[in-house]
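Q: Hi! I'm new to reading protein structures and would like to go through one with you. Can we take it step by step?

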Amino acid sequence: MGADASAWEAAHAAAASAAVSLISLTTIADSVAVHALVSRVWGEEELRPSLARAFQHAGCGVYGAADADGGLVGFVLGFLGWNGGMHMHSHMLAVLPEWRSRGVGYSPKLAQRAACLEAGVDEARWTYDPLVTRNARFNLVKLGTVATSFFPDFYGEMTDRINKGDRSDRFEVRWRLGSERVGRAVSRTARQPPAGPVLLACVGQGDMPRPKETGAQPEPGAVVELPPDHSALRAGDAALGLEWRETSARAFQACFDAGLAAAWIDRQGRYVFLPAKELMA
Ligand SMILES: CC(C)(COP(=O)(O)OP(=O)(O)OC[C@H]1O[C@@H](n2cnc3c(N)ncnc32)[C@H](O)[C@@H]1OP(=O)(O)O)[C@@H](O)C(=O)NCCC(=O)NCCS
């Protein structure tokens with residue numbers, strides 16, 4: 001079987017195990033459904049149906065996950081760019097809150113991968129908030145991306161439901177679609193790398209730990225620990241949320257400046273950084 005065919009097979013298998021159908025979103029009704037889903041997740045103004053329609057028309061690969069009644073419960077949308085080489089920039093991925101953590105978001109991402117490989121595009125990139133540990137694990141471990149850059153305040157001020165009131169620091173991940181690393185992630189055979197010195201540590205148990213900068217050097221295996229849910233933490237204590245934002249930014253910057261990239265995050269929210277050259281060889 002060719003690489004593209006097995007990539008499509010993996011996407012459909014992921015959808016089946018999440019009890020959804022993988023669909024290509026091509027119609028006007030689909031672009032209205034995408035707008036409605038985005039409105040529920042980020043807010044009404046975040047994606048007009050006409051823009052979703054334009055993405056569809058250009059053939060950017062707008063894929064969705066549908067429930068048994070055909071209702072849209074998740075989708076992914078991106079566009080091609082050539083900054084530093086031709087790649088898919090994956091701009092939006094979302095699943096309705098009541099459908100999350102069942103594998104639904106995974107299948108449109110695998111469809112995006114299959115479609116890119118079929119079109120001869122071998123890399124996808126996107127940005128995400130490095131303090132959202134769920135998304136970090138989804139990106140680095142489940143999909144097998146590598147976070148190669150850190151952009152403090154990437155979007156400037158944001159007004160949507162998820163990001164309002166916080167600084168828009170972002171990691172950029174690279175998803176090398178045909179790589180061995182991604183193959184291991186998709187076959188669920190990836191293993192956690194050995195951990196090294198801890199640069200930023202959580203002090204105190206529970207949901208509201210404080211950050212402690214240890215002064216350790218950013219060597220291969222460097223660890224940056226994060227609170228389990230930064231969004232809930234900053235809702236409960238805005239000053240502590242900001243302290244995490246600022247201390248984590250210093251730790252991340254030190255790692256990237258030392259030629260490291262984020263390779264892994266465990267379920268406790270501990271990032272592990274490894275040499276970028278090895279990860280991207
Ligand atoms: C990101 C999003 C699309 C994921 O969709 P989903 O359907 O929940 O994703 P899946 O069920 O396929 O995968 C969830 C993965 O997230 C990670 N995850 C979920 N909960 C976690 C937790 N408490 N701790 C650590 N990792 C967690 C895991 O990798 C998990 O997969 P696994 O359990 O198989 O290891 C969804 O959470 C969402 O819509 N979020 C809001 C919008 C958003 O943040 N979009 C940007 C994405 S970069």
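This is a predicted model: local features need pLDDT of at least 70, side-chain atom pairs count only at pLDDT 80 or more; totals for chains, interfaces and linings use all residues.

Q: Great. Which domains does the chain have?
A: The domain assignment gives domain 1 (1-121) and domain 2 (122-281). The centres of domain 1 and domain 2, taken over C-alpha atoms, are separated by 24 Å. Domain 1 brings 27 residues to the contact, and domain 2 brings 20 residues.

Q: What area is buried between domain 1 and domain 2?
A: About 1,900 Å², and carbon and sulfur atoms give 58% of that.

Q: And which three residues of domain 1 supply more of its buried area than any other three?
A: Those are W42, Y106 and R113, which supply 32% of the area that domain 1 buries against domain 2.

Q: OK, new topic. How many residues are in the largest nonpolar core?
A: It has 84 residues. Those with the most contacts inside the core include F75, L140, F171 and F252. As a bit of background, nonpolar side chains tend to be buried together in soluble globular proteins.

Q: Where does this core lie relative to domain 1 and domain 2?
A: It lies between them, because both domain 1 and domain 2 give residues to it.

Q: You mentioned F252. What does F252 touch?
A: Leaving out residues up to four places away in sequence, F252 touches P130, L131, F150, F171, V224, L226, Y271 and F273.

Q: Let's switch to strands. Which strands pair with β2?
A: Strand β1 (residues 21-24) pairs with β2 in the antiparallel sense over four bridges. Strand β3 (residues 72-81) also pairs with β2 in the antiparallel sense, over four bridges.

Q: What are the bridge partners of Y63, then?
A: Y63 of β2 is the bridge partner of S24, and in β3 the partner of Y63 is V76.

Q: Are the faces of β2 covered or uncovered?
A: Both are covered: Y63 and A65 are buried on one side, while G64 and A66 are buried on the other. In general, side chains in a regular strand alternate between the two faces of the sheet.

Q: And what is there between β2 and β3?
A: Their hairpin has five residues between the strands, and G70 takes a positive phi near 85° there.

Q: Can we look at one residue of β3? Say, V73: buried or exposed?
A: V73, which is in strand β3, counts as buried because its relative accessibility is 2%, under the 20% cut-off. Among the residues V73 touches are V20, L37, A65, A66, W99 and V104, not counting residues up to four places away in sequence.

Q: How far is V73 from E98?
A: Their C-alpha atoms are separated by 8.9 Å, and the two residues are 25 residues apart along the chain.

Q: What about S248, buried or exposed?
A: S248 lies in helix α8 (residues 238-257) and counts as buried, at 1% relative accessibility. Not counting residues up to four places away in sequence, S248 touches L131, L200 and L226.

Q: Last one: how many disulfides are there?
A: A search of the whole structure finds zero. For C202, the nearest cysteine sulfur is that of C255, 15 Å away, and a disulfide needs the two sulfur atoms within 2.5 Å.

Methods
Residues are numbered from 1 along each chain as its sequence is written. Side-chain values use heavy atoms; hydrogens and water are left out. Buried means under 20% relative accessible area, exposed over 50%, partly exposed in between (1.4 Å probe, protein chains only). Helices (H or I, at least four residues) and strands (E, at least two) are DSSP runs, numbered from the N terminus. Two strands pair if DSSP finds at least two bridges between them. A nonpolar core is a set of buried Ala, Val, Leu, Ile, Met, Phe, Trp, Tyr and Cys residues joined through side-chain atoms within 4.5 Å. Domain bounds come from an automatic or database domain assignment. Contact means heavy atoms within 4.5 Å. Buried area is the accessible area (1.4 Å probe) that two parts lose on being put together, summed over both.
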